[in-house]
Amino acid sequence: MKALRKQLDKIKPQFQKGGKFEKLHSSFDAFETFLFVPDRTTSHGSHIRDSIDMKRTMSVVVIAMIPALLFGIWNVGHQHFLSHNEIADFWAKVLYGSFKVLPIIIVSYVTGLGIEFIFAQVRHHEVNEGFLVSGMLIPLVVPPDIPLWMVAVATAFAVIIGKEVFGGTGMNILNPALTARAFLFFAYPAQISGDKVWIAEKADAFSGATPLAEAAAGVGSGTVNFSHSFSDMFFGFIPGSIGETSTLAILIGAVILAVTGIGSLRIMVSVVLGGLFMGGLLNLLSVNAFMDVPFYYHLVMGGFAFGAVFMATDPVTASQTAKGKIIYGFLIGLMTVLIRVLNPAYPEGMMLAILLLNVFAPLIDHYVVESNIKKRLKRALKPVKA
Amino acid sequence: MSKTITLSKGLNIRLKGDAEKTLREFTALHFAVKPTDFIGVFPRMLVKEGDIVKAGTPLFIDKHRENICFPSPVSGTVSEIKRGDKRVLLEVRIEPDGKNEQERFGTADPASLTKAEITEKLLKSGLWSLIRQRPYGIIANPDQTPKAIHISAFDTAPLAPDYDFIVKGKGELFQTGLDALAKLTDNKVHLNIGNNTSAKEFLNSRNVDITTFKGPHPAGNVGIQIHHIDPINKGDIVWFAGVQDVITIGNLFKQGVYNSEIILALVGSEVVKTGYYKTRRGACIGKLIEGNIKEGNVRYITGNVLTGTQIRPDSFTGYYDSAVTVIPEGNYHEFLGWALPGLDKLSFSRSFPSWLMPGKKYTVDTNLHGGERAFVMTGQFEKVLPMDIYPLQLLKAILVEDIDLMENLGIYEVEPEDFALCEFIDTSKTEIQTILRKGLETMRKEMS
């Protein structure tokens, strides 16, 4: 490692002020700090600092997504062979899935990080780690058959319009990964909805409808016919976006996030409670067949679990106060089920519900903080006790 | 029957190098009073280099409040008046003559004096400078009467000195100091003790309201205690003083002199033999650390690792400080440090395995452990700030200089030291204490 350090120290002056590659300072800095934690010491305030930094934080989130990713890779292969009525062994499925999923991940990271590096260069600040997470989230919420150019366009849109125009990581209002997903949905509806896209190179004869689509179809036909059992949906043996199908794999990620304290357990739990509440309410009303789908099915269908664990908990776009987080999460769960059941045009409500609440999160916080201010003012007006 | 307040939020940072319970003495070669220890004080010199002074002779006064002066801790010669950039006065150095001559201010029983007489005596001796006020952390205004006076009798900061040990045998002086302070307020003097406090010097104190605090750091911070006993509202003034400051004030009334003796804890992982040392305020640490520091690049701090000030190895302890901490510097590159498991790394987050070993003590250096970023994580500061305050929102209000919002969010109730843990755990490596001080200074200028 010493040799590497020496080499870095040797070329470093060229990237500093007055050096040949001064303009590439941010890029050099990104690589240097990736390899070595910087030697900067504290100068003001606390002389010691916690060992955690943004790189560590973001890598924990990426690690938490790995179970969902690995399952997703396998499931892409599994669903493909299933639709063709072929028997394939475990490794064949993984291999097929890898061929489908890895290029999407690569495209997402290359596009997003490329833009991040350019912006860091132009703005003369360090490259932010936020995209390490967004770059993994985007592949996990797209269908396996998505054309790669669409991934690139959506990623670029999300990073530039969703994040950089607001000032970069920490300043954005909407979750970048969901911005990418929403962009795809509204720009290319044919390629990201319907029954064709959820299974990679699906055989034409095979239905391939997701449980959500089947439930939505029930509104017209009068009964909901699921082709998968509840446990299939829980374990994830269903068609869907790459990373969203297995509630179990997502739960493993949830545990990692909650134990490390990096993802807000408060938000996750309130999203679930909100979803169950609305699902239960609709069960009681029971006007059409979708409303009759048992309320707990909503937790394992579509992107509910994935959104609750990885999207709603994004600290930048969620509510920032403890009370605000509970309201924010609960409303996400509630809106998701509401949109799913009452909006026949698009059965997946999670994306829209989170984006909607992203917009309202500052308002929620405003009222929470306002109540603290009122309490303080009231205290000041209270006569002093003798 | 004293009441107990239990706080659950906070964090005890477990560092190696706690002070051994032995009391030694060390004779410093120089002493100094540093105007930079006093917030908002603009010094005007009363002595010049070469002047002979006694212990208690005023060295300089505050230009803005000329009745507040700052006394020499020892008798001797003014050896140097050190100035920095733009001729800012940094240190007034005294070379002791060993005779220990003292200015006489006359003994008196505080119980028989009026508020005006006590104020007068404290101002004349310069010991008024030991009484500070909240908000802003400045020296108290003798023309005001505070809502209350608070004394924290325990310190929960990392490697903090044990005041039970320091106060031993000084119960009478401490009580006299409390009696003097009690005359300065129409309300109460609060003595806030920890649930582990056992010194009878504290427990048997009279003329005060004793409250017990239980919980991790920052439960020992006077600001946290004030917040839970009787919070500061807009317009309120609360005074506070340290345990050793009260003892010094007690000495003034008992013996009629400025006895600058204090007990200093020498702590930190880089100290060979830690312990308590008898010395005087503003002592040069040169002799203290001589032959007692491990090899390597180290940082000397007067105060604790969270709120203290970095000093050179030949520099002086702070006016209000009761500890000198020595920790390793962290100016090295660490290969993939953010990715490695990090078994020996201290972190409040559970992304390092250290949370599985709750009893382990750590050597922590001054490395920043990462680059500065925008605020990203939320809900972290709240876990280490046991106050009904929204820390992130308050910091953002300061950054945009929104005075009304700062006031509404409770800036009067906090000092940088209360936010030190937020700064420690911050993933974005923001300089939170600096921001908070800036906000407080903005408010102070706005309100004056």
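A: Let's begin with a working rule: two strands count as paired if DSSP finds at least two bridges between them. Keep in mind, too, that this is a predicted model.

Strand 1 of chain A, residues 36-37, is joined to strand 20 of chain B by 2 bridges, and the two strands run antiparallel. That count reaches the threshold of at least two bridges, so the two strands qualify as a pair. To find the spot on your screen, look for Val37(A), which stands opposite Glu334(B) in strand 20 of chain B.

This pairing has a wider setting, the contact between the chains. Chain B brings 63 residues to that contact and chain A brings 49. On the side of chain B that touches chain A, at least two residues each come from strand 17 (298-302), strand 20 (334-335), helix 8 (391-399), helix 10 (420-425) and helix 11 (432-447) of chain B. Helix 10 of chain B gives the most to this side, with 4 residues. Sorted by class, the side of chain B that touches chain A holds 26 nonpolar, 25 polar and 12 charged residues.

Now stay in chain B and turn to its open sheet. Here 6 strands line up in the order 1-13-12-11-14-10, with mixed pairing. At the edges sit strand 1 (3-6) and strand 10 (132-134) of chain B, each of which pairs on one side only. From one strand to the next, the twist averages 30°.

Chain B is divided into domain 1 (28-96), domain 2 (105-255) and domain 3 (368-447). Between domain 1 and domain 3 of chain B, the C-alpha centres lie 33 Å apart.

Chain A is assigned domain 1 (2-35) and domain 2 (56-200 + 211-366). Their C-alpha centres are 37 Å apart, and their contact takes 6 residues from domain 1 and 7 residues from domain 2 of chain A. The domain 1 side of that contact divides into 2 nonpolar, 2 polar and 2 charged residues.

How confident is the predictor about chain A? Its mean pLDDT is 87, and 98% of its residues reach 70 or more. Confidence is lowest in helix 2 of chain A (residues 25-35), at a mean of 75, and highest in helix 11 of chain A (residues 247-260), at 94.

Notes:
Residues numbered from 1 in each chain as written. Chains lettered and ligands numbered in written order. Predicted model: local features only at pLDDT ≥ 70, side-chain atom pairs only at ≥ 80, totals over all residues. Axes fitted to C-alpha atoms, helices over the stretch in contact; angles between N-to-C directions. Contact = placed C-beta atoms within 7 Å. Nonpolar A, V, L, I, M, F, W, Y, C, P; charged D, E, K, R; others polar. pLDDT = per-residue confidence, 0-100. Domains from an automatic or database assignment.
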